[in-house]
Amino acid sequence: MTRTPIVAGNWKMNKGTAQEATALINELKAALLESSGNGAEVVVCPPFTALAAAKQAIGASPIALGAQNVFWKASGAYTGQIAPQMLVDLGVSHVIIGHSEARGRFGVAEPDFTPDVLKQFGETDVTVNRKTRAALAAGLVPIVCIGETLTERQNGHTDVVVQTQVQGALEEIGSDDVTRIVFAYEPVWAIGTGEVCGADEADRVCGVVRAAVAALYEETAAQAVRVQYGGSMKPDNAPDLLTRPHIDGGLIGGASLKASDFAAIIRAAQS
Ligand code: PEP
């Protein structure tokens with residue numbers, strides 16, 4: 001089965017003013033005009049504060065707009081939370097759910113992030129599932145992040161961690177909906193560290209994700225689900241990663257903040 005690759009830029013807490021987001025999107029649009037290929041979906045995920053400006057800057061170009069989080073309730077006393085329909089209303093079509101930085105599974109030691117602070121961020125498989133179901137119900141494409149920490153990898157638990165996270169995310173989700181979900185395999189130790197997972201191993205674990213979907217649904221659904229790799233993807237390592245059979249695009253952090261680098265990764269996904 002041919003799956004359309006999807007390359008999404010996770011801007012994290014960067015470029016969150018209207019001016020910054022507009023400038024980056026205009027640069028990206030210019031860089032993509034030079035691109036010869038097509039056939040990859042492109043998504044940018046700015047901070048909430050820049051979504052409206054980003055939508056305007058995207059204009060009629062085929063770039064899709066994503067958010068970096070969502071809450072599962074429609075409205076109510078949930079200070080600081082954003083409902084799926086609020087995102088839809090802004091023209092958002094995709095949403096990142098369960099990023100390791102939201103799950104509190106940090107790959108890099110952050111002096112400010114004491115265990116107590118981590119608990120406050122603590123996304124779990126249960127909240128990831130609720131958010132995924134709410135996003136699907138609102139017509140959003142959830143980009144569900146999964147991946148092991150360095151300790152889990154060193155202890156030989158990579159596959160079971162990934163399988164458990166996939167199963168947790170998919171609770172009570174029907175076979176019609178599962179193919180709308182994009183999984184992002186993001187080994188926590190590779191995010192923002194410059195340490196990329198080797199292409200053979202990244203492809204193998206993306207295959208484990210697909211097999212975990214196949215264990216819950218029919219094989220055709222598993223073959224249709226797209227699985228991205230994320231973790232220090234850059235223009236130089238992207239061609240090797242993005243030509244592997246189980247890797248259907250990338251979730252890109254740092255390199256998505258530089259239009260020429262992000263465009264080069266998109267081109268690698270298109271070829
Ligand atoms: C991410 O934040 O999802 C990510 C993959 O970051 P980076 O590309 O910077 O490692």
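This is a predicted model: local features need pLDDT of at least 70, side-chain atom pairs count only at pLDDT 80 or more; totals for chains, interfaces and linings use all residues.
User: Let's start with the whole chain. What makes its radius of gyration agree with a compact globule?

Analyst: For 271 residues, a compact globule would have a radius of gyration near 18 Å, and the chain has 17 Å, so the two agree. The C-alpha trace spans about 45 × 45 × 45 Å along the principal axes.

User: How much of the chain is buried, and what does buried stand for here?

Analyst: Buried means under 20% relative accessible area, and 51% of the 271 residues are buried. As for the surface, the chain exposes about 12,000 Å², with carbon and sulfur atoms supplying 52% of it.

User: What share of the contacts links residues 24 or more positions apart?

Analyst: Taking the contacts with a separation of 6 or more, 72% are between residues 24 or more positions apart.

User: Where does A31 lie, and why is it called buried?

Analyst: A31 lies in helix α1, residues 18-33. Its relative accessibility is 11%, so A31 counts as buried against the cut-off of under 20%. Leaving aside neighbours within four places in sequence, A31 is in contact with A259, A263 and R267.

User: Now the strands. What makes this a barrel?

Analyst: The chain has 13 helices and eight strands. Eight strands close into a barrel in the order β1-β2-β3-β4-β5-β6-β7-β8, with parallel pairing. From one strand to the next, the twist averages 25 degrees.

User: How do you know that β3 and β4 are paired?

Analyst: Pairing needs at least two bridges between the strands. Strand β3, residues 64-67, is joined to β4 by two bridges, and they run parallel, so the pair meets the requirement of at least two. The bridge partner of G66 in β4 is H94.

User: How many bridges join β4 to β5, and which residue stands opposite I97?

Analyst: Four bridges join β4, residues 94-97, to β5, residues 141-146, and the strands run parallel. Opposite I97 stands V144 in β5.

User: How many bridges tie β6 to β5 and to β7?

Analyst: β5 and β6 run parallel and are joined by four bridges, with I146 opposite Y185 in β6. On the other pairing, β6 and β7, residues 226-230, are parallel over four bridges, and F183 stands opposite V227 in β7.

User: Which way do the residues of β4 and β6 point?

Analyst: In β4, H94 and I96 point one way and V95 and I97 the other, and all are buried. In β6, residues 182-185, V182 and A184 point one way while F183 and Y185 point the other, and all are buried.

User: On to charges. Why is the pair of E172 and R133 called a salt bridge?

Analyst: Side chains of opposite charge can pair when their charged atoms come close. The closest N and O atoms of E172 and R133 are 3.9 Å apart, and the rule asks for a distance within 4 Å, so the pair qualifies. E172 lies in the loop between α8 and α9 and R133 in helix α6, so the pair ties together parts that are 39 residues apart in sequence. By this rule the count comes to 14 salt bridges.

User: Why is E172 called exposed but R133 partly exposed?

Analyst: Exposed means over 50% and partly exposed lies between that and the buried cut-off of under 20%. E172 has a relative accessible area of 68%, so it is exposed; R133 has 33%, so it is partly exposed.

Notes: Residues are numbered from 1 along each chain as its sequence is written. Side-chain values use heavy atoms; hydrogens and water are left out. Axes are lines fitted to C-alpha atoms, for helices over the stretch in contact, and angles run from 0 to 180 degrees between N-to-C directions. The radius of gyration is taken over C-alpha atoms; the globule rule is 2.2 Å times the number of residues to the power 0.38. Buried means under 20% relative accessible area, exposed over 50%, partly exposed in between (1.4 Å probe, protein chains only). Contact means heavy atoms within 4.5 Å. Accessible areas come from the Shrake-Rupley method with a 1.4 Å probe; for residues, only the protein chains shown count as cover. A salt bridge is a side-chain nitrogen of Lys or Arg within 4 Å of a carboxyl oxygen of Asp or Glu.
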